[in-house]
Amino acid sequence: MNLASLFAFNRQRVAAALPPGSLAIFHVTPTDNSVPFDYLTESPFGNDLYWLTGLQQVRAYLLLLPQHPDEHLREILFISTDEATNKLQIDHDTVSLNTGITNIRGYHEFQETVAQTVSFVSRIYLNQSSFLETGANDLPRWLKRQLPWQEYEFTDPVLARLQLTPSEAEVDLIRAAVNISQAGYHRVLACVRSSMTPRQLEAELLHVYWQYEGASWTMRTPATPLTTLRELIGRRSGYSEPGPAGELALLNAPASYYGYAGALTRTIPVSGHYSPRQRQVYEAVVRVQQALTNFIAVGKSYPAIRQYYVELLVAELLQLGVGSPEALQQQGAEYHIDQHCRPDQEWLTDLGGRSLSGFPNPLPAGTVLVTDIGIDLPVENIGVRLVNTLRVLPEGTENLTASIPSEASDLETLINQPSSLPPAQPALERVSVPSQLSQSSFRSPSLQPKRKSRWSQLLRYSYLLLLPLLLLDLGYSYVQHINVPHDGDMTAVVLPRAYMQPVLDDAFGLGALLRGELSIGPNRHFAHLALYTYLRNVPLALQHFTNPINSIYMACAIAKTLIQAGLIFILSFYISNTAKPISKAFLFAAIIITPFFQTAGYHDQMAIIDRSITYTIFYALPLAGLLVYFLPFYKLLFTDSHTPITIEWNFALPVLAVILALSGPLIPAAASMMSGSVLLYLCWKSFSSSPEIPFITRTKVAISSIPKAVLWQLTFFVFCCLYSLYIGTFNLENVDTISLTERYSKLGQGFWIELGQRAGFPLLLLCVIINLFIIRSMPRNKQTGRIIKAAQWLLILSALYILLLPLGGYREYRPYIIRRDSIMPVTLSLLYLIGTSTLYLINSIQARFKRVYLAALVGVIGFYSYTDQSNLKENNCEVDALRTIADSPEKIVHLESNCSVMNWGLMTDPNNSVEQAKMLHYWRITKEEKLYYQ
């Protein structure tokens, strides 16, 4: 990867983070034209334009339009031109080669180009520095005048989030810069004397740094490599005076390598030795730095890190005799921190100098941050600072600047040993620096992370043990499913029964629409077709491996297990935002929700995979399809990646909408509510952002702001669902003998039965509420806001869904309206909420509470797992009865068993077993059709 490829990769990261219809504008325009040119090269992480293009021009713009249909217009770079001729000041090919951008235009074409993108833009991103401009350079004012209806947002939060986790290539550049800094620091330490001026030390540093192509000094001009304490606390500002003996000085002059550098500061004694008191203070700072480095880890949030930081510093200040416990109690810890330590906005930052106090999310893996620890005692004329650059990895925190000594004794040794002075012209091989900008050469062998022990490597991947646990649970579920007796509806659908044939023949319910014909489930064609096709073919295929009786049980168990696995996979994706089954977040999400799939235990209260294969195909399978349908919308609208809906999805979604709308009793209502709520949310988000615009205009803008693919796809789905609901009114099963008032009365009774008599569903709801309560009490950030908002929407929609259930009619087999099958969308919503909230708390809850929370989580998982114990001999009676029928020479077989046999109850009249007899013969269990009774 060369530098141009690195800049292109950074642009790709930004493009992926922007929502559809976005235009992002990046530029650097200092308000003071006297700012030196070198100001722009201080750090890529503090200069958006350089980080994205490598360009160091003051007057330049970069436009990113990631979703523009013309690929050539997705990246446009505007650079300075000659005022007289409007020709580019830098050759087009040179700029393109070094930035990776092919569309290079003159600075004067910027406004015209932006005006041409209006039809493709609904949201404009600007960096905050744009709002510091005035007069002719006032970009925000010009844009809002030209594009008044677009939303305006800052690019800074997007870049801050991306730059917090630099790419591997960027980290390797930082390592190379630290290697060069090591040579420079050794040279300075070897020649620093109280008689030397900062200018002389600067010459020594540059003598080392300028020998390497791409290397420079990261400090702005004017600046010095050494800053005395007096300068630091504002008592004196001598630039060229020698440092007095016995005084401490800050060595803050890390090298940069192609703009990349690690923050690096050491406090050294000008005389070569720390005084006893100076050593005390210095070692206190070192202890805080080391303890904080060990504490910082993936998943830790800024509030937790800062609390630990304050505790460490207060303890060290008391140990140094600064203040007293009484004064601490009276004035508070924050007072002492403000008086004697680094400012709150500076002690923990990213590489761009942005304080992590504005990033309360848990630290992701790959985070690179700067710890600036200091203790200042102005009365004693002692001040110590120690700055390191850390990289937070899953296996531990790596100190990228560890090669620069920080122990007091090591620094004294280097200062007092002239032999440590490198040669006047050190060979390049003395410092590990990439000779070419290739991906392999970015890596510095001398700075590879310390090799971990085999035990620590095993611990790092211990979470993979969850995978076999999940597979074992699925295996046990299969065993549970295969030992469940057959339901009484299966044969009627698979045969099919005479009055069920119309639903198979009329896929779209045209008989009900055009002629008003009544039939069983006219809006459930694809559910009937799925069960019919599956059970007429799969058992026969399985008979190549097992006997006919077992083949039916196996077919049912395989279908239930696959649907269960599919639902767990899809829900885990929604919860973890990753589809990698071996990722930690995915496995944790799966292990959290799996115990709530009850095959026994609380099955009758909260089952998702029903004991009945018919109900599983009619309820669970369409809901799994519904979750698949909403995947592209979820990835586009509710994740940080904002993945656009692909062409393949745009073709597949309408087909899936038709199939789902005609696939079962739950989908039309649940899907129309979900689709409508997504559209309503998007409208309201835009509508509420511009209160100053007139109502009607604001409404039009809000509707037009919805991405077209989302609007048309979801509108079509709602139409399909409404059509399904209409033809569903021609269902023969609808019972009108019970009034709507009576149905709502029964709903109340059913609500009490569902929540008040067994612990399964109430405990799940209670766990969700407790998690949400804990999250609301934590510092608010983007992720907690997203969880709380999702909970609000899902709980409101769940309540509305339950209130609308009586409008769907009454079924005698569902006497209280509410039952496990009718509230399955609510159950799945709760599983999503318990998964997302629990996964967030596992990563973010404070360490002192984490053990308690994890213990409670294990207890809940264990409770549901323990209760889900099946009678694995439950279908033995039915199996024996089927064998009796198969072996009997009689055409009408009398069964002594008192269990149901492919029926909802005992078969007392042999004439009622005609359908079962036909299917037993079709499945090759009997050689001829045989009736039976009990």
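Biologist: Which two cysteines form a disulfide here, and how far apart are their sulfur atoms?

Modeller: That's Cys 877 and Cys 899, with the sulfur atoms 2.1 Å apart. A disulfide here means a pair of cysteine sulfur atoms within 2.5 Å. Keep in mind that this is a predicted model, where local features need pLDDT of at least 70, side-chain atom pairs count only at pLDDT 80 or more, and totals for chains, interfaces and linings use all residues. Residues are numbered from 1 along each chain as its sequence is written, and side-chain values use heavy atoms, leaving out hydrogens and water.

Biologist: What handedness does the link have?

Modeller: The link of Cys 877 and Cys 899 is left-handed, with -90° about the S-S bond. Cys 877 sits in helix H36 (residues 876–887) and Cys 899 in the loop between strand S16 (892–894) and helix H37 (914–922), so the pair ties together parts 22 residues apart in sequence. Helices (H or I, at least four residues) and strands (E, at least two) are DSSP runs, numbered from the N terminus.

Biologist: Is Cys 899 buried or exposed?

Modeller: Buried means under 20% relative accessible area, exposed over 50%, and partly exposed in between (1.4 Å probe, protein chains only). Cys 899 is buried at 16% relative accessibility, while Cys 877, at 26%, counts as partly exposed.

Biologist: How many disulfides does a search of the whole structure find?

Modeller: One. As for other cysteines, Cys 683 is buried, with a relative accessible area of 18%, and Cys 767 is buried at 13%.
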